[in-house]
Amino acid sequence: MRFLAITPIFISLLTGCALHNYGDDQFQLRMAAHGKDIMWVPTRVDTATQMLALAQVKSGDIVYDLGSGDGVIPIQAAKRYGIRAVGIEYNPDLVALSKRNAIRENVQNLVTFKQGDIFVEDFSSATVLTLFLGESLNLKLMPTILRMKPGTRVVSNTFRMDSWIPDQEVSIRSGESTIGALNETIYLWIVPANIDGAWEFTGLPNLDKTSVRFIQKKQFFDGTIAKLGSRPISFEDGKIRGEAIQFDFETNGKKYSFRGQISGTQISGILNGDPKLNVAGKRLK
Ligand SMILES: C[S@@+](CC[C@H](N)C(=O)[O-])C[C@H]1O[C@@H](n2cnc3c(N)ncnc32)[C@H](O)[C@@H]1O
């Protein structure tokens with residue numbers, strides 16, 4: 001385990017956890033100081049359920065918890081939503097504990113615990129990803145997460161992901177510890193579709209066929225609509241939420257709002273909520 005993984009936040013969370021009895025008669029929290037890249041500090045059951053609620057878990061979802069510890073998050077996902085859930089955990093003792101915990105909660109048919117390294121194992125089939133790993137590990141995972149299917153919900157306990165602004169965050173008062181009140185924040189990100197680059201649009205007002213350039217920064221974007229013979233029109237408030245896209249712009253003194261859907265290399269939607277004002281875009285090679 002790298003020393004830098006033991007952050008003051010983890011020490012304070014661990015102090016809180018010490019008040020509870022984590023583990024079973026075969027393996028307890030105090031035996032598991034060492035993970036691979038970070039130590040085991042459990043998410044409280046209440047926090048796990050709030051993380052799943054923040055991700056709006058629904059039937060058909062597949063939840064993956066990366067570095068799954070004693071299995072609390074996959075087990076709660078299976079128990080509360082009846083869905084499939086997978087935990088990837090490096091420490092074999094924790095994998096064994098998770099499997100015993102799943103049997104105790106009677107969800108062994110829905111959950112899978114895999115012994116493995118989160119930087120090696122494939123988790124691309126997840127529709128919901130949960131993390132309690134520390135900011136530097138979140139950051140290391142970020143490029144892989146951004147390549148996941150658009151709309152995948154990612155929820156992290158306590159730690160953010162640097163430049164990727166969360167789509168939502170919730171603060172939870174998680175109780176008292178020997179060093180005072182404990183507050184946790186959980187963060188939600190929704191993997192945005194990739195639209196960065198050049199597109200051709202039809203249906204924009206007074207511009208039959210025009211080229212559009214999107215300059216994407218995670219779930220936000222700037223960009224321009226080319227206009228022959230005059231200055232390009234700039235987008236305002238460009239946002240992507242999974243495969244949903246929106247932006248505003250102004251031309252000839254009139255304001256327009258576009259709301260639509262991205263489907264791979266195609267975008268379709270309408271202007272100003274008017275179904276007659278259809279707009280379509282296709283990605284240029
Ligand atoms: C802070 S604990 C979180 C446990 C669980 N997700 C939870 O929320 O209760 C981090 C876990 O990641 C595991 N871990 C650390 N590095 C890992 C790696 N490279 N691959 C898989 N698991 C890892 C540790 O053993 C530990 O159980």
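These notebook entries record what I looked up in the predicted model, starting with the ligand and moving on to single residues.

**Conventions.** I number residues from 1 along each chain as its sequence is written, and I leave hydrogens and water out, side-chain values using heavy atoms. Because the model is predicted, I take local features only at pLDDT of at least 70 and side-chain atom pairs only at pLDDT 80 or more, while totals for chains, interfaces and linings use all residues.

**Polar atoms at the ligand.** I found a polar side-chain atom of T43 at 2.5 Å from an oxygen atom of the ligand, and one of D65 at 2.8 Å from a ligand nitrogen atom. For D117, a side-chain N or O atom is 3.0 Å from a nitrogen atom of the ligand. Taken alone the ligand exposes 600 Å², and the protein buries 100% of that (Shrake-Rupley method, 1.4 Å probe).

**T43 again.** T43 counts as buried because its relative accessibility is 5%; buried means under 20% relative accessible area, exposed over 50%, and partly exposed in between, with a 1.4 Å probe and protein chains only. Its side chain also makes a polar contact with the side chain of N157 at 3.1 Å, a contact being a pair of N or O atoms within 3.5 Å, where within protein one must be able to donate a hydrogen and the other to accept it, and residues adjacent in sequence count only if both atoms are side-chain atoms.

**Q28.** In the loop between helix 1 (8–17) and helix 2 I also checked Q28, which is buried because its relative accessibility is 15%. The side chain of Q28 reaches the backbone oxygen of D24 at 2.5 Å.

**Positive phi.** Most residues other than glycine have a negative phi. I noted a phi near 50 degrees for Q56, which lies in the loop between helix 2 and strand 1 (62–66) and is exposed at 62% relative accessible area. N272 likewise has a phi near 50 degrees, sits between strand 15 (266–271) and strand 16 (274–283), and is partly exposed at 38%.

How values were computed:
Helix = DSSP H or I, 4+ residues; strand = E, 2+ residues; numbered from the N terminus.
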